[in-house]
Every structure is written in C-alpha cells, then in structure tokens.
Amino acid sequence: MRFRDGQWLVAEGMRVEYAEEVYRITETPSGKGLSLLCPTRKIMTRGDVLNLATLSIDIEPAFDGCLSVSTTHWQGAVQRGPDFDLFPAGQPDVPSQVAKSEKGTTISAGSLSATISSKAHEFEILFHSTDNKKQLTTLLNRSIGFAYSPATSNPTQTADMRNLKHYIFTQTTLGVGESVHGLGERFGAFNKVGQKVELWNSDGGTSSDQAYKNISFWMSSKGYGIFIDTPERVELEIGSERCCRVQTSVEGQRLKWYIIYGPSPREILQKYSILTGKPGNVPSWSFGLWLSTSFTTSYDENTVNSFLDGMKARDIPVEVFHFDCFWLKAFQWCDFVFDDNMFPDPQGQIARLKANGTVKKVCVWTNPYLGQASPVFAEAVAKGYLLKRKNGDIFQWDMWQTGMGIVDFTNPATCDWFVSCLEKLFDIGVDCIKTDFGERIPSEDVQWFDTAVDPKKMHNFYAFIYNKLVYETLQRRFGANEAVLFARTATAGTQRFPLTWGGDCESTPEAMAESIRGGLSLGLSGFSFWSVDIGGFEGYPEPWIYKRWVAFGLLCSHSRLHGSNSYRVPWTVDNDDVSAEGCSATLATWTHLKARLMPYLFSQAQEAVRNGIPLSLRAMCIEFPDDPTAWTLDRQFMVGDSLLVAPIFEEAGSVQFYLPSGRWTNFFTGEVKSGPAWFTETHTFSTLPLYVRENTLLVLGKPGEKRTVYDYAKDVEVKNYFAVDGARASLVDSTGKEVGTLEVKDGQVSGKEALSGDYVITVASE
C-alpha cells in the first residue's frame, strides 16, 4: 500500500496524517512501558491541541532483546480475534528499565533499547543495543501515521466510517547496504529490498509474488528482526515507496510489532521462537524417501505395488508411500473415504505393503474442504460443520470441488468430527497426513461459528488452526515426537507443526531456483524443516533436470517424489535407462547418501528445533553473518552447521558457488579448497558441490548403509575435518535422545565410549 506519490506528493485518493512530535510520555497501563502521545501537528500554542488527531505509541519490554511497539489511532475500536498464539512456552521475565538523559528517554529490555529524542517538537525514536555499540533502525519524522481512503476534506466525514478505509502505517529506516529477508516462503529475489510484499496466503504456485506461507517476520542484515503481530493482511513497501525505509501498513486502527535484537541471525531466530514457538520435532523415519502416486495420474492397488516393487528392485529404499487426492472418489474431496472402486481393501493393502517391507509408513492427502457430491455433505451442513455466508447459506463455490464448502474449525463440534475422521484413517494403518490447501479462505460476506472472530484475520490464521488440529491429533495417536504433516499453507507459529513443502513448481531449472529461494526465505522465518516436489510438480521433467533435482531434493531436510499429471518413479522419466547415469541409479545414489548422513542430520535436527533455526535449507548468512557475500547467496545453502550444498541447474553440470573463509573439503574427493572465494566446477549426476566446513567432526553411517532408521552410534564412521580442540559432535539415537558427545581434546577424539560396534575414525588431510 502506497500512501505517497513520490517523495513530495500524497497519493491520489488518500488523506495522510503523521505523528509530528512526542507531546507527552507516560507509563503504559501495565506500568512496564512508555506511552507516547503524538499529535499530528506540532503544538506551538494552546489552541493547537484542538481539532486534530493524535497517535498513541506504546513501547514495552517483551523479554531480553525484544521490545514491542504498538501504534493506535482510535483506542475505542474493537480488537477482534483471532490473535497469534504468542509465548506458547511462557513469557520470560524482563525488568523494565527507563532512564533519562540529555539525549532523551530510554527504555530497555535487556540488550535492546529504544531512545525517544528529547528535542522539542521533534519525532525520533532510535532502536539500538543497550551498550550503545550498535544502532539498528529509527522511526524518524513522518514515519508513523494513518490514512483515509477516499481522502476526507472535513473531519465530520469520519462520523460515518462505512465507506471509508482507515490504515495505520510505520516506516523504519533502511540503512546503506542493509538487506531484508524472510516474510515466509517467497520465490522472488532473496533480498526483499525494492519489493512490495503483501502478506495474504494465496494458491499461486512458485513463480509469482504470491505465497502459500506468508509469515509476518523479517530479518535485517544489520542484526535485528521485526515480527508484525497480526494475522490480517499486511502490506510492506521495502525500500519501494521510500528507498530508505521499510513501510508496514494494515487496514484498521492499530498496528503492533516486536523488534528483536540478535545481533546474529541465530540469536534473532532463537528469540523469535520464544515469541511464536519453537519448531516441532519430527521422527527419524520421516527423513527417508517419500514416494507419491502423483496427482491426476491413474493409480490403484496394482499401480502402487508396481511402483514399490520397482523401487525395491532398483535398490531405492522408500520410507513413506503417499496416496494423493484420488484415493478419494472424484467430486467428494475430502470426506476421508477410500474410493472402493480403486482401493477395495485399503486396510488390507496398507498392511500388505508394510508386511512385505517395501514401505514403512503410509501418508494420505487431505484438504479442509468438502464437495457437495459427498454423502457426508448433508450431515456437515445439518450439524454446522461448514462456513456460512452472512445470510445463513453455506459458503459454496465451484473452485476446486463442485459446490465446495469450507470446514469451520472455530466450531468445537466440527473439530471433534474432523478428528474422528482422521482417527478412522489411523485405524486402517495411515501414519501421517498431507494437509494440502487452506489458502483461499474467503474474508468477505462470511460468518464463522465463532462470531467474535474477524473474517479478514481468519484468512491467514486458518492455516494455524487447520494444521494445529491435525498435528495434535497425530501426536495423541502416535506420540509427541512421532507426528508429521506435509503442509502447504502456513502463518506465524505454524512452524510448531512440521513439516511443510514448497507447493506447485514447474519442472524447469528456473523453478528449482525459485524453490530454493522459497526454502531459504522460509528458513529465515523460523521453520526448521522443508521439502519440495522433486523433479517439479507441473509438467514432464526431462531426465537431466529430474536428476539434478534429485541431488538437491535428497539434501533438503525432507525428500519427496511428487508430480501433477506424470509419475515420478525414475524409470518413467528416462525410459528405464539402466546405466550408471540413469535416473534410477542417480536416485539410488542420493538416497543412499542421505541414509549415511542420518547420524549427522538427525543430531543437527535436534539442535535446529532447540534454537528455532532451519536444518535445511539453511541460508548461508546464518552461519556466516559477518561475510557480506553470504547475505546475497540464493543458489546454495547449508545443511546443518557443517555441510555446504550448491545445486546444479545445467545439464552439462557446470556450477558456480562461493566458499566463505576457511578450509573446505570436498565430501566426494577429499580435495581441500580455501575461502573466501568463488569456484566453478563440473559434475556428473552422482555428485555436486558438497563441502565440509573445517573444524567439523562428521558422524556418518557405515559405507553401504541404506537404512534411514538405525543405531546412529554403532558401526559409524567419524571423519575429522581439521577439527581443533573444542570441536564437538552430538550423538543421538533414532528417537533424538542424546547418547553421547564426541569432542577433540589435545588433538584426539574423546567420548568414544558412546560409540559401539566397528566404528572408525579418519582424519582429513590437505
């Protein structure tokens, strides 16, 4: 939303008023913060206090390193929910410290402070580290205000607000060279400076400015992050309306955000996880290969069996088999009933699949909608399970499913019914759920069962309540750390219900690059686990792009083969090329590599959950925040702390990548390179730039290991990559429990008593 036409003019159709000075500072009602009364003109005489608007700006400490900033025009406006579920693990205590000096009034929350300038008739709020060593950002003159649209010319026009829109906005300064990242799974440029970003969940694919997962949190390269505390539509002009500012605006009377001081990206994400919750744990089996039926392809029990038998014959272990939409009857999605024409005995089929060892777990597709052709539809209408229009009709349209209704999760009875449907799936052997869709939730002319909620806030928040319900149902059935979703939509806090995948991408190298940018941005928004449709979702991937995508996809935290109108089993892609460079051999190679990496991956997963950071894709700037180049890298990533990955986008295998400072060892060849520097390499389909960071103890499964779940401390290989005293590697079992720690002491690896079997320790050399 732009309120100005260039630097000098107000945008056509807008009336804009700004906080022009800080007239008075008092305590907030809680007694913990400061409340600033800010008139929209400078007060020079007593008469100036009449016939004008004021803005109230409340600044309060949230916890160490975090301040909240709330701006309100009319305080009597009703604040309808839903609201984000903040501090799910409890809010840490922080003393409120207020000090006055000749520079102004300073309020501190541990390491973070805000100073309100004491200059007469000025408006300036500086956010800085409490030790005054680092300035973060500033609210300067004309940086906080409100706007009417259409423009009013007379204050009495606001007596009737029915045809007026009212917006609140803030503008924080954007420093020279500062970059902005995050805001959910965004597929455009990694650095958001220069972009207009609208936080409104949309089913728009991976090649536009729309996003399935809009997260109202962004991170600055200057050592701070900002979380916007509302699930409603938020519009940001990031160095776009004004090149030197980040503008945040909402329609309404109030805008609240939290500023978080790191200063490192790790610390910012860790503190953000205090606000919105830490990512949930995922079980070790979920890291194995997932195979799907694909979407509109034809499949029945024989098809499924042929897929899994074919994978086994080609030495490609499959951990999870996924039944996509057409496990249900056409026009009836989603009534949770298998199509008995295609799957006459689903319980028996699932039992047979697991018994013959071709797959360990089974997943099915769901969405929170119900087609009217389903026999269940009439019951859902009668019992109030579906969203209604304001006139009492069920909200229906013919998008996706004919006469489709939307499940109303604000009704407790609806939740009970939905859970009972899931439980029936679990009873027949289903282990995990793909929670698809949930983006196109109407915000106009609808009435939720809970009449207190604001439909405009429900649009984005629906993702939270939908995924929360399914995830917690899985937890109750299988255990706290055994629940797994495959979700497409998300909002702030949804990281608590892993995992998510990147949505509907095309089968092109450009789409693979888009997906990487999306995964990197989501990781910088507090999500630990992420996946992608290997080979691309739309279209028919050429064998070379399939194989390049396999290498990338098996180094994501989670790995799934899934397509739209074509299968993703490898032999259908290249006419069953049985050579060492064929799709089947390539998929087997990378699946086996991921199995060997499991002791490292699962240990790193526990750290990622503890600290609220991504496992993979992990942006380079998280590990190397002091390297300016790291903030620009959107075609490579880290897997955990120690592995650097550069996917390949060309058939011939040429790739450019950047190694930060230090010694890096090629995982495949043992060649050592030193950074910081750019490199160009050429790879076959069985390798890519996979480099191990110096000072690493890398724990691997034994050579030839192909299982996903095994004893991660038995028969392992420990590789010492120039590790110095103090270097450590945590050992965990297949449940994530720590069973020991390896550490370099006096040049030797200690803690070996936690290892068992025929383990070996090797040392990398120059």
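Which residues does serine 286 touch, not counting residues up to four places away in sequence? The legends below answer this and show other sites. The model is predicted: local features need pLDDT of at least 70, side-chain atom pairs count only at pLDDT 80 or more, and totals for chains, interfaces and linings use all residues. Numbering starts from 1 along each chain as its sequence is written, and side-chain values use heavy atoms, with hydrogens and water left out.

**View 1. Surroundings of serine 286.** Serine 286 touches Val484 and His558, leaving aside residues up to four places away in sequence; contact means heavy atoms within 4.5 Å. Its place is in the loop between α1 (265-276) and β22 (289-292). Helices (H or I, at least four residues) and strands (E, at least two) are DSSP runs, numbered from the N terminus. Serine 286 counts as buried because its relative accessibility is 0% (buried: under 20% relative accessible area, 1.4 Å probe, protein chains only).

**View 2. The largest nonpolar core.** Such a core is a set of buried Ala, Val, Leu, Ile, Met, Phe, Trp, Tyr and Cys residues joined through side-chain atoms within 4.5 Å. Of its 178 residues, Met311, Phe418, Tyr462 and Phe552 touch the most other members. Helix α9 (residues 583-611) gives the largest share, 13 residues. A second, separate core has 44 residues, including Leu136 and Tyr224.

**View 3. An open sheet of 5 strands.** The order is β8-β9-β10-β11-β12, with antiparallel pairing; two strands pair if DSSP finds at least two bridges between them. β8 (97-101) and β12 (135-139) are the edge strands. Strand β11 (residues 125-129) pairs with β12 over 4 bridges. Isoleucine 125 has leucine 139 of β12 as its bridge partner.

Definitions and conventions. Buried < 20%, exposed > 50% of the residue type's maximum accessible area, 1.4 Å probe, protein only.
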